[in-house]
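Here is a walk through one structure, starting from a single side chain. Please keep the viewer open while reading.

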Amino acid sequence: MLRKDDHPYSSGGDGMTNILLTGVTGFVGSHLAEYYVKSNPDLQIYGLCRWRSSKEHLETALTFPNFHLVEGDLLDISSLSRVLSQVQ
């Protein structure tokens, strides 16, 4: 397990780093989101999900203030552009 100081996405001192997770409503994605929000509150996690995806695996992650669920689709360029502008 990585310590906060060893984290590959360390922000380098400004205190905030944004990460976009695709597939966040799936088994692996939801566990990865949960790990990130619990292990480093300085990370802002944006979980990309399609409108029709079940959000049942995200119950824990949604309770953290540094987790943000964003709706979009990787196959729709305008949707993806909107999501990326939110994450920047």
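**From one leucine to the cores**

Leu69 is partly exposed, with a relative accessible area of 31%. Buried means under 20% relative accessible area, exposed over 50% and partly exposed in between, with a 1.4 Å probe and protein chains only. The model is predicted: local features need pLDDT of at least 70, side-chain atom pairs count only at pLDDT 80 or more, and totals for chains, interfaces and linings use all residues. Residues are numbered from 1 along each chain as its sequence is written, and side-chain values use heavy atoms, leaving out hydrogens and water.

Leu69 sits in strand S3, residues 67-71. Helices (H or I, at least four residues) and strands (E, at least two) are DSSP runs, numbered from the N terminus. Beyond its neighbours within four places in sequence, Leu69 is in contact (heavy atoms within 4.5 Å) with Val24, Gly47, Cys49, Lys55, Leu58 and Leu62. Its C-alpha atom is 5.7 Å from that of Tyr46, 23 residues away along the chain.

Now the interior. A nonpolar core is a set of buried Ala, Val, Leu, Ile, Met, Phe, Trp, Tyr and Cys residues joined through side-chain atoms within 4.5 Å. The largest one has twelve residues, among them Val24, Tyr36, Cys49, Leu58 and Phe67. Strand S1 (17-22), helix H1 (27-39) and strand S2 (43-49) each supply at least two of its residues. A second, separate core has five residues, including Tyr46, Val70, Val83 and Val87. In soluble globular proteins, nonpolar side chains tend to be buried together.

Tyr36 is buried, at 11% relative accessibility. Tyr35 is partly exposed, at 28%.
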